[in-house]
Each structure stands twice: as C-alpha cells, then as structure tokens.
Amino acid sequence: MHRRTISRRPARRAVALALGIAAVTALPLGLTASAEATQAKPAASAPRTVTGSPSDSVTRIADFYGAYIDAQSGPADGGKLAAELRKFYIHPDYLKKLVAWEAKNHADGVLRAQNVPVRWTVTDNGTADYTEVGITLTWGSGSTTSTTKLVVDMTRDHRIINIGTKGIGGK
C-alpha cells in the first residue's frame with residue numbers, strides 16, 4: 001500500500017495569513033489614528049522612559065530642577081511650593097547664601113535668571129566625594145533660543161551645597 005504524504009505547511013501559512021489579516025483589520029480606530037499621527041510627526045517615535053532612584057544624587061538634582069521649574073511656571077501659589085522644595089533639597093547653610101545672592105542680583109538663585117526656562121538637561125560630571133552635575137537651561141523657542149550652563153553640587157546626604165557657573169571643585 002502506498003502512503004500519501006501531505007504537507008501541512010501551506011495550510012499553516014494560510015491560517016497564519018488569515019490571522020494576520022484579521023488582526024490588522026481588527027485594529028482599534030484609536031490605534032490607527034495614533035499611527036497616522038506618528039507618521040505626521042516623525043519625531044514622536046517610541047515612548048520615552050525616565051528612571052530614577054531616591055538614593056541617586058543625579059536623579060535627585062534632576063527631580064529638584066524639574067519640580068522647581070514646574071512650581072515656578074505653574075499656577076501661582078505665592079511661591080510656597082518653590083520655597084518648600086528649596087527647604088527640602090538645599091542645605092540650610094547654602095540656602096542662606098542663595099538668598100543673599102538673590103537679593104544682590106535681583107534674580108532667582110536656583111535658575112540664575114528672572115524668568116523660567118522651557119527645558120533643562122542634567123548631566124553627571126563624575127566626582128568622588130560629592131555629586132557634581134552640569135545643568136543646561138534652555139530659554140525661548142524656535143530660532144530665538146539660548147542656554148545657560150550651571151554647575152550644581154550635592155553632598156552624599158542629598159543636599160545641594162552649590163549652584164553657580166563653577167562647582168566647589170573649581171570646574
């Protein structure tokens with residue numbers, strides 16, 4: 001008796017193709033609209049992820065600047081949130097120096113300006129005994145942007161001890 005061999009691969013391919021077509025045609029409208037919007041805006045690629053840790057000083061400085069800028073540019077609360085953020089993140093001894101700098105320069109000592117930036121970047125400068133980061137604040141929009149570069153130093157117990165154009169190490 002002769003056995004007849006039948007390949008099941010074409011059948012599997014047909015099922016996979018049918019399932020694929022069904023999946024594509026069953027996409028929710030929101031997903032297809034989202035895909036069209038993504039095509040219209042090539043800069044909007046994959047979702048961004050931001051990670052941090054409360055034990056990481058660079059994360060803490062980035063968190064402070066993000067929250068502080070939000071507090072300064074958000075709904076007016078009389079500066080209460082910004083003041084509380086300063087108390088929490090900035091060492092009390094340095095906070096006194098910061099307030100004196102502000103009185104002398106008529107500007108916000110954390111931002112070293114009279115207005116609020118539209119964007120900020122925090123970069124670890126790599127120090128051993130304390131954390132030193134570079135802060136780049138971006139002002140304006142379009143072709144009229146400018147940046148300010150600051151250095152922020154933080155102790156191992158996560159308190160800011162310097163904000164300026166140079167770090168405590170002289171950089």
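Select Thr59. Its relative accessibility is 12%, under the 20% cut-off, so Thr59 counts as buried. This is a predicted model, so treat each stop as a computed result.

Stay on Thr59 and show the helix around it. Thr59 sits in helix 3, which covers residues 57–73. Now display side chains and pick Asp56. The side chains of Thr59 and Asp56 make a polar contact of 2.7 Å.

Zoom out to the whole protein. Trace them from the N terminus, and the order reads α-α-α-α-α-β-β-β-β. Of the 171 residues, 29% are buried. Among contacts with a separation of 6 or more, 42% join residues 24 or more positions apart.

Now go to the loop between helix 5 (92–105) and strand 1 (119–124), and select His106. Its phi is near 50°, a positive value in a residue other than glycine. Most residues other than glycine have a negative phi. His106 is exposed, at 59% relative accessible area.

Last stop: Arg112, in the loop between helix 5 and strand 1. Phi is positive at Arg112 too, near 55°, and this residue is not glycine. How exposed is Arg112? Arg112 has a relative accessible area of 22%, so it is partly exposed.

How values were computed. Residues numbered from 1 in each chain as written. Predicted model: local features only at pLDDT ≥ 70, side-chain atom pairs only at ≥ 80, totals over all residues. Heavy atoms only, no water. Helix = DSSP H or I, 4+ residues; strand = E, 2+ residues; numbered from the N terminus. Buried < 20%, exposed > 50% of the residue type's maximum accessible area, 1.4 Å probe, protein only. Polar contact = N/O pair within 3.5 Å; in protein donor to acceptor, adjacent residues only side chain to side chain. Contact = heavy atoms within 4.5 Å.
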